[in-house]
Amino acid sequence: MDAALVANKRNKEVVVRSVKRDKLLGFSSAVVLIIVLVGVLAPLIMPHDPISVSFADKVKPPSFQYPFGTDPLGRCVLSRVIQGTRTSLVAAAVIVSISGVGGVLVGLISGYKGGKADSLIMRSVDVMLAFPSIILAMALIVSMGPGLGSVIVALTLVHWTGYARLVRAEVLTLKESEFVEAARAMGNSSSRIIFKYILPNVIAPVMVMASLDIAHIVLSMASLSFLGLGAQPPEAEWGAMINQGREFIRTAPHVTLFPGLALMVTILAFSLLGDSLRDYFDPRLREGYIE
Amino acid sequence: MRRSLSMVLSILLVSLMLSTVGCGVKAVSSGNQSLVVGEIWKINNIDPAMNGTLTMEKALITESLVGTKPNFELEPCLAAEWKRIDSNTWQFTLREDVMFHDGTPLNAEAVKWSLMRAIAINPQIQSFTKISTVEAENERTVVIRTTNPNSDLPASLHYSNTSIIAKSSVDKDGKLIKPIGTGAFKLEQFDLSTGDMKMTRNTDYWGTVSKLESLEIRALPDPNTRALALEKGEIDFTCDPPYNELERLEKVEGLKVELNKTARTYIIEMNLNEAPFNDLRVRKAMSYAIDRESIVKNVLFGCGAPAIGPYMPGMAWTNENLKGYPYNPEKAKQLLTEAGWSDSDGDGIVDQNGQAMKITLMTYPQRPGLPPMAEAVQAQFKNLGIELKTEIMDSTAMSEIASKGKWDMKMSAFATAMIPSPSYHLNTLYYSKNNKVIGYHNSEVDRLIDECMVADDQQEKYDLSKQVQQILEDEEPVIPIAYYGVAVAMKSKVNNFVFNPTAHDYMLTNEVNIKE
Amino acid sequence: MWKFILKRLAATILVVVAASILTFGILHLTPGSTPVTILKYAFIGLEEIPTEAEITEITERYMLNEPLYKQYYCWLKQAVQGDLGDSCVYKLPVAELIGLRFPATVLLAGLSVALSLLMAIPLGILCAVKRNTFFDHLGRISALFAVAMPSFWLAYLLIIIFSLGFDFFPVAGFRGISSLVLPCVTLAAGMGAVTMRMMRSSMLEVMSQDYILTARAKGLYETGIISRHALKNAFLPVVTVVGLQFGHMLGGSVIVETVFAWPGIGKLLIDSIFAKDIPMVQGCVLLMATTYALVNLLVDLSYALMDPRIRYGRES
Amino acid sequence: MVTKQTTSPLLAIRGLITHFQVKETIVKAVDDVSLDIYPQEVLALVGETGCGKSVLALSILRLLPKNSQIEGSIRFNGVEILEASEEELRKLRGKEIGMIPQSQATSLNPLLKVGWQVREVLQLHKTLGKFEAREKVVKLFTRLQLPDPAKKMNYYPHQLSGGMRQRVLVSMGVACQPKLILVDEPTKGLDAVLRKEVVTMLGEEAAENRSSMLLITHDFSVAAVLADRIAVMYAGEIVEMGSAAEILEKPGHPYTQSLLDSLPGRGFKPIRGFSPSLSSLPAGCRFQPRCRDACPDCSALHPKIALTGANHYVRCFLC
C-alpha cells in the first residue's frame, strides 16, 4: 500500500509565518523595553539640560549637536523628549490602568447583573460622557493647583466610561452563551463566573482600547495645554511640547514633529505588543491544532 | 516591518518640509475694490455697546462722538466741539451733515437714546463716563451731566462701546436687529451661525467716501490658519499671524508685513506687602536683571519694543526723558548684595539669614507671548541667583489667587489707554485705594493723579502725568518689560493702511483701498 | 421593546438634569467669581480690574447673589418651558446661538463618523483576513500613526497640500460642501484608525468560531462567509466604539473647530466655560447630554437588533 | 446494506499524512492512513477522543487551519482533492460531500435564523429560488421530525434545544443530497432517547439519498447499528478495519477487543493507561504501552497493517 506522497507547496510557507509572528512579539517588546529604559535612565542619557533657556540657539534645525533641533526657548528637543518619556508615559500609564480597571469592573458588573443596576450605572456613564471634562479639569486646578496632578485626576475620572461601555457590550453577548450557562449550572457564584469565565473573553478588545488610549491621553494633555490647563512649564511633557510647536509648524516643524513621533513610536510599540501578547495567550487564535 | 516604518516616516517628513516653501500668493480674481479681513476673535455678537471695537474700528459701521489722533490727542468726530460748562456739566455740539445708514439725520435725540442704551447694557461705560443725565438741548446740542467731576468725559466718549447707533437698530422691545451707524460702511449681512460679516460702502458718508465697494470680516481664531488663508489669497488683510512666521511671510511675493506697537504693555506686578518686594533695591535689581532686548527679539520675534515707562513712545503724555532700566546684570547683583541678599551657602540662590529667595511668577496663556516670556524671565533671574517658579493658569484664577494675598509676582499685558486719557491707567494701577492687591501707597502719586484727573487743560494733564511716570520709575512698584506689538499682514495690493496705535488691536479707515 | 425605549427616554431626562446639576455645581467651583469673570470676558477686557459698581450691576442683572439651588431652580423652570435664558457674554438667547451652531457640529460629526467607517470597516476586515501579511502590517502601522498623530498636524498638512498647493478646497470657514472635506478627513483619520483596529481584533475572534467552519463546509465563497456570517458578529464591539466616538464628536473637537474656523459648539462651549457664561454652558451641556443619551440608546438598541440573544424586556 | 466491493470506491484515501506546526512541535494528527468508501456504504471510524478522526474528516474537505501540512492522496469520484483548486473544492463542499459538524452548540451562527442557514446551501448549490428553497427546508425539517417546522425556521439557534439544533445541522448536511456525508460525533452530548432518534434518522437519510457516509464516533453501539464496515483508529493510525459483523464478533486487534470489552453490555472493563499525545508518539506499536498481550517485538518494531481474513485488516504482530 505505497501512498503516492504529494507534497503540497502551500504548506511550506506555513513554517515561515509562525516564526514571523514571534519576531513581531520580539520586536515590539524590545521597543517597549527601550522606551521604558529611556524613561528610567532619562537623567543619564540626556545630551543637554532640558530646561536651561538659551536664546542664542533658539529654534535651530536638527544638527549633530542637537539631534532633534531646539525649541523656541533654545532648549534641546531631544533631551526634553527623553525627559518627557518619564512624565507623559507615567501619567498615561496611571490614567489608563486606573480608568481601565475601574471601567472594566463597572462594565462587567453592569453587563452581567443587568436590570436596575445596569441602567443606573449606564445612565451615570451617560452623565459623565455628557459632562465636559474641561470643567472638571478647571475645578480640580483650584483644589489641587495647576500641573500634571490635576490633569491625571481629571482624565481618569472621565476615561473610565469608554471601558465601561465597551466591556458591558461584550458581556451582554457573552452572558447568553452556553459556557456561561454551563458555569452557572455548575453552581458557580456570579463573581466567579464574571472573573473566571467572562473576563478572559473581554480582555482582547480592552487591550486594543487601552493601547490606543495612551495616545488619546497624551493628545488630550496637548489640547489641555492649548487651553492653559496642562503640564506647567518648564516641565517637559510630550503633550505640552506638541502644543508649543504648533505655531512653529511651518518655520520649525521639528519642534512639534519629534515629540509627536516619539508618541507615535510608543503607541506603535505598545499596540503591537498588546496584539502579539493577546495572540500569544488566546488559545483559539493560536491557529492551533483542532482536537 | 522596518521597511514600512521608514517609508511612513519619510512621507511625513517630506510633507512637513514642503510646508516651509513659501509659494507665491495666488492673485484672487476680485480685481474690484473689495477687502476681506481675517479677524482674530470669534464674532458671536455685533452689539456696538458690547463689541464696539468690531463695529467701530474694524467694520467701520459706527462712530463715536470724540475721535483721537495717532498720538492719542482728542479730536472732533461726530461731535464737532465740546466744552465744559461747570465741573459736572458738558455741552457737545454735533456735526450737521451726518446721516445714519437708514437715511435719518444724526441729532441730539438719537445721541441721547444711543448713549443711555449703551449705559444700560454695558456697566463699564458708566464707570468710565460717570454720566448721570444726557439731555438734548436742541437739534444739535447735547448736554451731559456727570455724577462727579470727570475731566476725562470727552476721552471716555471716544471709547468704541459708546459709538452712536440709530433707534431703528432695535425692534420694538429693544432687541438689536442690525447696528445702524453713521460710519463709512453699512452692514449688509451678519451670519450668526458662521460669524461672518459683510459690509457695503456708505455712499453718503459725511467724510471722504471709501473707494472700497465691499468689506468682509471672517473670524479665523487660529494664527496659523490666518497666515495660510492670507497666502492662499482667501483673505486680503489680517492681524497677528504667528510671530515667528513674520519673516517668512514678508518674503512671500505679493504679501507685506508691518510691525507696530499698541497701547498695551507687558508688565510684572509684585506683592509689595511682602518681602523681598517691599525693598526698593531688590525691585531695581530685578528690573536691571531683565534683558528686554533679548525678550523682544527672541520671545516676541521683534513684534513689540523694550519698555521704559508704562506708556509707549508716541503717546501725547509719554515722559520721553525716562531712562528705564537697561539690562545691567552687574548693577543688579550689586543692588542685591546691598539689600543684604547674597549666596552664602553656594547653592546658586541668593539668601538672607538662611531664607533663600524662591518666588513664583503667575501668568496666563490667552496672550501667546506671556508663557515663553515668563520662562525667559525665569532664566534671566536664575543668572541673578533668584529661583523663579512659573505657573500658567487661567487669567481669572490668577487674579483670584492674587486677591487672596498669597502671591509673589504676576505678569500680564495691561492696556494703558483703554480710554485715551493720561490719568486713566495710572489711576487704576497706581492709585493707592485702587491697587490694594499690589499694595503701593505713595501720597505724592495719589495727589498728582487727583490733580491730573480734575485738570481741564490737556497740556497740564500731560505734565502731571509725566511727573507721576518719573516717580514710578524711581520707585518701580511695577516692572514694565515690553510694549505690546501688533503684526499686521496684508496683500501688497492693499493701499494706504496706516496703523493707528489708539486701536484695541488694529483699526481700518475709509482711506484703505485696493491698488489698481 | 417599546416599554424599554420609553423607560430609557425617561432615564434620558434624568441624565440631562443630573449632567446640568453637576455642571452648574462644579462651574461655580472653578476659579474666579462669576460676575468678575463675565465682566472680563464680555465687557471690560481680560486684564482690567472691575469696579464695585460694575460687579454689583452684573450680580443683580443675572441674580448671581441668589443661593445656588435657587438660581438652578429658576433656570430649570425656564428651561422646561423651552426658554434657555440669555447668554451673559453675548446677550443673545442661548437657544438661538446653539440652534445655529449645532447643525454644523452634527453635520461634521456625522460625516466624519461615516467617512471613518467607510475607511475602517473594509481595512479592518482585510487586515484580519490577510493576517500577518505585508498589507496587515502596513495597515496596522499607518492606523497607529493616524491614532497617535496630533489632529492639528493633519489639519495643517491637508490645508497646505490640498488648499494652498492644489487649491481644491477653501482654507477655513463653513462655506458650503467643499469646506467640509478637510475637517472631515482630519477627524475621520483618528477615529477610523481606532475603529479599524477594533474591527480587526473582533474579526479575528469571529473567524475562529465553529460556525465559520460550518459555513466553509457548506462551500460558500470566502467573501460570502465574511459578509453574511462574520461581519455581523464582528460588528458588535465596533458599534460601541463608534457610538462613543459619535457622542464624543458632538462635544465638537475644539482643535479642528479652531484651525478650520468651524462654527461648531465645541469652541463655543469652551469659551463659555472660561467666561463662566453659565446659561450658555448649561444650554450646551443640555444639548450634549441629550444627544449622548440618545446615541447610547441607539447603540444599545442596535445590540438587540443585531444580537437576538440580548433581550431587553422583550419576550423571546 | 449490501456492500458492492466490485465497483470502484467513491472515496479512496492513500497514505494520508496531516501534521500541525504548533510552535516548535509537530503534531501528527493523521499518520499514513489509507481507506476506501464505496457508494451507498456506511464506514464508521471509531476511536477515543484525540485520536485524529475529526482531522481526517476535515482533511477530506481541506478545511484545515493555515498551520497544517497535508500529504498523500484523497481521490473522490475520480477527483484528486489535494490537487483540486479552491474553485473545484468549493463546488465539492456541501454539494458532493456534506458535513454534519460536531458541537451543535457552537456550529450554528447565533445571529442568523436556522431556516436561513439551511436555505443558504440549497440556494448556493441547487440554484433554487427563495420560495422553493424554503419549501425544501420545511420538507427536510418535517422529515427530521422537527415539531412545527414552518415556525421553527424563523427561530435563532439559542431558541432551540440541543436535539433540535442537531437536526438542523443534519438537514443542512444532507440538503443537497450529497454523495458522501461526513458525520462528526452526531450523538455527542445527547441523552439516550435522543441518541436513538438521531441514529435512526441518519440511517434513513443515508438510505433515502442513496449516499455513502463516513460516521465518526467514539461509541461502538452507534457504529454497530449503522455501519457496513468499521475502521478503528488509534493515535493517528488505523489499527483495524473490516466488515461490521467481523469487527464486532471477531475483533483482531487487542485495542479493538479492549474497546469492545469496555462497553456496558460487555463487562464495562476500562482500558488501563492513556492514549499517547500525538506530538510524542512511542516507538514501535503505539498501543504497546496499554496492550495486554504485548510481546518484545511490539515495543521495537512498528507493525504494518496486514490482511488477516476476508477484507479484514489488522495492524498487529498478533504475538
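In this predicted model, helix α10 of chain D, residues 254–261, lies across strands β9 and β10 (237–243) of chain D. The helix runs at about 100 degrees to β9(D). Both strands belong to an open sheet of eight strands in chain D, whose order is β6-β7-β8-β3-β9-β10-β12-β11 and whose pairing is mixed. At the edges stand β6 (97–100) and β11 (306–309) of chain D; each has a single partner strand, so one side of each is left without a neighbour in the sheet. Ignoring direction, neighbouring strands of this sheet are turned against each other by 20 degrees on average.

One pairing within the sheet of chain D can be followed residue by residue. Strand β3 (residues 42–46) of chain D runs parallel to strand β9 (residues 229–234) of chain D, and four bridges join them. In this pair, L43(D) stands opposite R229(D) of β9(D).

Chain B also has a sheet to examine. Here four strands form an open sheet with antiparallel pairing, in the order β4-β5-β7-β6. Its edge strands are β4 (79–86) and β6 (131–138) of chain B, each of which pairs on one side only. Neighbouring strands of this sheet are turned by 20 degrees against each other on average, again with direction ignored. Six bridges connect β4(B) with strand β5 (residues 89–94) of chain B in the antiparallel sense. K83(B) has Q91(B) in β5(B) as its bridge partner. A helix accompanies this sheet as well: α3 of chain B, residues 108–121, lies across β5, β6 and β7 (141–146) of chain B. Its direction is at about 165 degrees to β6(B).

In chain C, the packing to look at is between two helices. Two packed helices are described by the angle between their axes and the distance between the axes. For helix α2 (residues 34–44) and helix α3 (residues 52–61) of chain C, the axes come within 9 Å and cross at roughly 105 degrees. Angles of 65 to 115 degrees count as roughly perpendicular, which makes α2(C) roughly perpendicular to α3(C). The residues that meet are P35(C), V36(C), I38(C) and L39(C) from α2(C), and E54(C), I55(C), I58(C) and T59(C) from α3(C). By class, this contact has six nonpolar residues, one polar and one charged.

How many residues does each chain bring to the contact between chain C and chain A? Chain C gives 53 residues and chain A gives 46 residues. Elements that give two or more residues on the chain C side include α1 (2–29), α8 (178–207), α10 (222–250) and α13 (278–306) of chain C. The largest share of that side, ten residues, comes from α1(C). The side of chain C that touches chain A divides into 39 nonpolar, ten polar and four charged residues.

The contact between chain B and chain A takes 25 residues from chain B and 21 residues from chain A. On the side of chain B, at least two residues each come from α1 (2–19), α6 (223–232), α9 (292–299), α11 (370–384) and β17 (387–392). Of these, α11(B) gives the most, with five residues. By class, the side of chain B that touches chain A has 13 nonpolar, seven polar and five charged residues.

Terms used. Residues are numbered from 1 along each chain as its sequence is written. Chains are lettered from A and ligands numbered from 1 in the order in which they are written. This is a predicted model: local features need pLDDT of at least 70, side-chain atom pairs count only at pLDDT 80 or more; totals for chains, interfaces and linings use all residues. Axes are lines fitted to C-alpha atoms, for helices over the stretch in contact, and angles run from 0 to 180 degrees between N-to-C directions. Angles under 35 degrees count as roughly parallel, over 145 as roughly antiparallel, 65 to 115 as roughly perpendicular and the rest as oblique. Two residues are in contact if their C-beta atoms, placed from the backbone, lie within 7 Å. Ala, Val, Leu, Ile, Met, Phe, Trp, Tyr, Cys and Pro count as nonpolar, Asp, Glu, Lys and Arg as charged, and the others, Gly among them, as polar. Two strands pair if DSSP finds at least two bridges between them.
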